[in-house]
Amino acid sequence: MNSFLLIFSLAWRNLWRNKRRTLVILLAIVLGVWAMIVTAAFMRGMIFQMLEDTVDNLAGHVQIHHSQYLDDPVINNSFDPDSHTISRITHDPRVLMWSDRIRLPAVVLSERETTGITMLGVNPARESKISFIGKSVVEGRFLNSSSDTGIVIGQALADKLETRLGKRIVLMSQDINNEIADRGFRIVGIYDAPLDPTEKAFVFVGKETAAKMVGLKGAISEIVLRLHDTDMVTPLVTEMDQLDHTIDVMSWLEVEPYLELMIQMMDTSMFIWYLIVFLAMAFGIINTLLMAVFERTREFGLFQALGQKPRFILFQVWLEAILMIIVGLLAGNFLSWISVMATGDGIDVSVFARGMEMINMSNIIPFVITFNDLMIANITVAVLGMLTGLYPAWRASRLVPADAITRI
Amino acid sequence: MSHRLLQIFSLWLFAGLSCSSQADNAQQLIRQAIDNYRGITSYSEATMTIHRPDWQRVIAMKAWTEGLDKSLVRITAPKKDKDSGSLLLDDNMWSYAPKINRVIKIPSSMSGQSWMGSDFSNNDIARADDIIDNYTHTLLETKNHNGHKLFIIQSVPHEDAPVVWGKEVLQIRDDHVLLEHAFYDQDGILIKKLTTSEIKTISGKTIATTQRMQKADKENEWTEFHSSVIKFNIIIPKNTFTLSNLRNPR
């Protein structure tokens, strides 16, 4: 124990014999760790934001469709929301809330323009809780009830159709007999979504009104669920998908496979980024320690001549590397914590708004530090740093005392 | 397309229009006019001139109609469009392109696109049939026109009607000739107007033989219809209004 304390204080003091050199390499470690953590937090925040947007953007955590609906989203692929299976799913204790929808491809016409959209016939009370629409209506109002005869459209769609609040537009779709079903709707509300494509793609009408228009009697196209916890998604989906083969129960990961792919890709690229940063750091550490060992060649020779065992020398030099890494890690984590705190809600990237919208991202990216990312960054630096510290330490312990003492 | 085609070919027969001029009867008049037309067959030859600032194109066509629900239009010139055609049965519209030898059902997503490149949209042509039920018709005023009574009727679509216009104003003579049909947006701004420039009496019926559709904001862009031959109450073979006839002109 005593010898450990001795070695520890020797290592610590040796570390500060050349203050400037140690500080420079320390700075390299701190910046490296900081870059790792902050980049991870930024990437994580991007994913987090995309996930939130997707779940918010009508996808929910779990979706229920007719088994053919995703292949062919037509009116005939609808299901009965009052069946035993469905009520069992919606009454599951893991389900926080749910919303049922008639979701059909449709065409919207104004006096001057025609464009394809997706018509969502919703129950306004349930829908406004589960998706973004509840807090996104910026002009007018959201629908009052399922049998509301108004329509709520996005700002971008209103601009495209050259129409506005209070005017009438016409929706056309197919009814249950494959005939054209059409109806005029008065615009009662305009919503503003984070992304233009959303605004151009979805219009909201009352569920009963939509059902009457296309001749659906009680059947619906889609139910979305939001659960208490995202970890419950996979077990719930696996369990409920067995119940009825005419019904598809899917998690948002299956509905948006692109997102899952993106998350996996980010995890991998993050690790590669860690390795690159670390590699730069490692050369610094090795170089500094080798220099320190070289400077103290005579000293180590003398120690050995006085009877210190080589493994003590190895341990002392290695401890110098470890101390340096520990101090660097602590400072690096602290610095990252400060910079994340300082940015508050996230970074405003609205300067690049158009580009961000192209990849379906919104303008503010929050920093999200997860325990996992923090651990991976710290462990990578600690473990690999200790390994690199071994080489100069080993060099120091292999010195032959007679040679070392005589070397100037 | 049938009803609008009838209108384009000036067969807007307003029976009984002359015997009543009460405002609340405007709807009744239109209903009688359309009822009166049921079951009548027609054959016509016409040219459609599409005019643009840089170019002009003339398409010649033949058309057969039976009652209100069936019509067939076949292009006869220019050569590159020869034999292409459109068939309308009830609310469904198909178009045939000989170059690809395909019959295409016009989906609702294409309803806003122009019909054969003209200023008429597919919607204009195919879906004018709900004129009775979807509008509130009001007789605005009665004028004189070349010795005929001219009724000006304003048609405002119902709240849930599948009509994008704010209002439509029709000018119809007591001999059933449609002189003008104007489409206004919901701010009351004129969008496009169909006007009649030539009226003739053919086979004992007075009809408009030249009509022009003009977009209000583009003075140099219009489409003009000119009917050269029109025959009524002819015998049309049973297989005329079929997809196979659309594909294989006989």
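**Close-up views of a predicted two-chain model**

**View 1. A loop residue of chain B, B:N233.** B:N233 sits in the loop between β13 (222-232) and α4 (243-247) of chain B; helices (H or I, at least four residues) and strands (E, at least two) are DSSP runs, numbered from the N terminus. The model is predicted, so local features need pLDDT of at least 70 and side-chain atom pairs count only at pLDDT 80 or more, while totals for chains, interfaces and linings use all residues. Residues are numbered from 1 along each chain as its sequence is written, and chains are lettered from A and ligands numbered from 1 in the order in which they are written. Phi of B:N233 is near 50 degrees, a positive value in a residue other than glycine. Is B:N233 buried or exposed? B:N233 counts as exposed because it has 10 C-beta neighbours inside 10 Å. The cut-offs here: buried takes 20 or more other C-beta atoms within 10 Å of the residue's own, exposed 12 or fewer, and partly exposed lies in between, with C-beta atoms placed from the backbone.

**View 2. The β3-β4 loop of chain B.** The loop between β3 (70-77) and β4 (85-89) of chain B holds B:P78, and a cis peptide bond links B:A77 to B:P78, with omega about 0 degrees. B:D83 also has its place in the loop between β3 and β4 of chain B. Its phi is near 75 degrees, again a positive value in a residue other than glycine. B:D83 counts as partly exposed, because it has 16 C-beta neighbours inside 10 Å.

**View 3. Chain B as a whole.** Zooming out, chain B has four helices and 13 strands. Of its 250 residues, 36% are buried. Take contacts in chain B between residues at least 6 apart in sequence, and 46% of them join residues at least 24 apart; a contact means C-beta atoms, placed from the backbone, within 7 Å.

**View 4. Where chain A meets chain B.** The contact draws on 18 residues from chain A and 16 residues from chain B. On the chain A side, the elements giving two or more residues are β2 (95-109), β3 (114-122), β6 (168-174) and β7 (180-191). β7(A) gives the most, with five residues. By type, the chain A side divides into six nonpolar, five polar and seven charged residues.

**View 5. The largest nonpolar core.** A nonpolar core is a set of buried Ala, Val, Leu, Ile, Met, Phe, Trp, Tyr and Cys residues joined through C-beta atoms within 7 Å. The largest one has 66 residues, and those touching the most other members are A:V108, A:M119, A:I151, A:V152, A:I169, A:V203 and A:F204. β2(A) supplies the largest share of this core, seven residues. Which residues does A:I151 touch, not counting residues up to four places away in sequence? Its partners are A:I169, A:F185, A:R186, A:I187, A:V188, A:V203, A:F204 and A:V205. A second, separate core has 37 residues, including A:I37, A:V38, A:M43 and A:A393.

**View 6. Strand β8 of chain A and its partners.** Strand β8 (residues 202-206) of chain A is mostly covered, with five of its five residues buried. β3(A) and β8(A) run parallel, joined by five bridges; strands pair if DSSP finds at least two bridges between them. A:L120 has A:F204 as its bridge partner in β8(A). Strand β5 (residues 150-154) of chain A runs antiparallel to β8(A), with two bridges, and A:V152 stands opposite A:F204.

**View 7. Strand β10 of chain A.** Strand β10 (residues 247-251) of chain A is also mostly covered: four of its five residues are buried. Five bridges pair β10(A) with strand β1 (residues 62-66) of chain A in the antiparallel sense. A:Q63 has A:M250 as its bridge partner in β10(A).

View 8. Helix α2 (residues 19-59) of chain A has 41 residues and spans 57 Å from its first C-alpha to its last, close to the expected 60 Å, which is 1.5 Å times one less than its number of residues. Just after α2(A), A:G60 takes a positive phi of about 65 degrees. A:W12 lies in helix α1 (residues 2-15) of chain A. A:W12 is exposed because it has 12 other C-beta atoms within 10 Å.

Key:
Contact = placed C-beta atoms within 7 Å. Nonpolar A, V, L, I, M, F, W, Y, C, P; charged D, E, K, R; others polar.
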